[in-house]
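Take a look at the fold below. Start with the strands, then turn to the helices.

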Amino acid sequence: MLKPLIAVAMLLAGTSAFAADTPLTAAHYAQQLGVGMDVDWARTDRGIREFDPLVVRDFYEAGIRHVRIRVADNMTEARLIHLRKLVEACEAYGVIPIIAYQADSFKADPDAKNEAQLVVWWKTVGTFFGTDHPTLGFDVIYEPADKLNHDLSALNRAYENVVRTLHDIDPQRMIFIAPRMRAAPEDLPSLKLPPHSQNFLLAEWHIFPWGPLKANGKYPWTSGTAAEKAAIRARINTAVRWQQKTGHTSWVGGWAVGESMKSAPTESQLAFARFMACELNKVKIPYAINTDTQFYDGEEGAWRPAPEPLLKVMITPDCCKPDAKSGHHEVKSPVRGEQNATPTAASTAGSKARPASSASQG
């Protein structure tokens, strides 16, 4: 138990030393994000009830370096206290926390009243944390969609007001803003960016938040054909070009392969996971995996066994081997029991005390 804690202490000490010598910039912050995971620790009753700080330790030991903490409800004192508990647990185990607000009312009706509510929500959160927790990030609107898809001026105006409000509280707070169409990379150029905001403002975008779903009768990924790969690369390169043009950095707020917790992943899912992870690694864009409940059983305090091979590929893909055939790639599942091979191996020693029962797969 002492060894992981010493390692985390050294990591935090290194981060503090950097912060003392040089202000944390968005580019350096993005480098630290690495691979993360979307979590429901503050969004659902079950997520709130089941959260234990030792979960963060399990995430860190599995290779997760940041968490996107999604919040759906209005802010109350009790929720603020719970958020602080999450943030402090993340800091204790070397995981970067990012608070993401669902903002359902503003997405459904982006009028002046709901915009004011959005600004007040973030002012409440920003004031509560003040200038503490320098690695804590704020993701202003989780998946802008609904009526915001047709009201770009309202979205950009809201971002301008929220960013100004938060930076009045802490000028160095890392803030993420996302484009319309559920954070589509093609809509990144529509974002209105404050001048000289590169150091503390990042973009959030994503593709395949719930995996490759059928659209117009076709799946965007079947066996990983050359055409399918080219289409995905084109969407990723859209974000890369935006970064090069604006000088801003970006982060993929969540991607998945589809339903994964009730059965072992298919070869197609493993191939898709490897391709996505390797392509994002190639262009040095950090990403979060969607979602924690797919991979981790909060009630049992353990990683779900069925999707372990998939999670390993998403966190640490083998990007060195070329495709054996065009559109195909052989992906080996990790060997259970191999040292540092699976998240479960990392989380068994010293895990939370639980009754001896099998992990729930529902």
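The text below goes from the sheet to the helices around it.

This is a predicted model, in which local features need pLDDT of at least 70, side-chain atom pairs count only at pLDDT 80 or more, and totals for chains, interfaces and linings use all residues. Residues are numbered from 1 along each chain as its sequence is written, and side-chain values use heavy atoms, leaving out hydrogens and water.

Eight strands form a closed barrel, in the order β1-β2-β3-β4-β5-β6-β7-β8, with parallel pairing. Helices (H or I, at least four residues) and strands (E, at least two) are DSSP runs, numbered from the N terminus. Two strands pair if DSSP finds at least two bridges between them. Strands of a sheet pair through backbone hydrogen bonds. Strand β1 (residues 35-39) runs parallel to β2 (residues 66-71), joined by 4 bridges. V39 has I69 of β2 as its bridge partner.

Now the helices. Helix α5 (residues 77-92) lies across β2 and β3 (96-101), at about 175° to β2. Angles run from 0 to 180 degrees between N-to-C directions, and axes are lines fitted to C-alpha atoms, for helices over the stretch in contact. Contact means heavy atoms within 4.5 Å.

How do α7 and α8 pack, and at what angle? Helix α7 (residues 112-129) meets helix α8 (residues 152-169) at about 20°, with axes 9 Å apart. The two are therefore roughly parallel, a term for angles under 35 degrees. Among the contact residues are W122 of α7 and N161 of α8. By class, this contact has 7 nonpolar, 4 polar and 3 charged residues. Nonpolar covers Ala, Val, Leu, Ile, Met, Phe, Trp, Tyr, Cys and Pro; charged covers Asp, Glu, Lys and Arg; the others, Gly among them, are polar.

How values were computed
Parallel < 35°, antiparallel > 145°, perpendicular 65-115°, else oblique.
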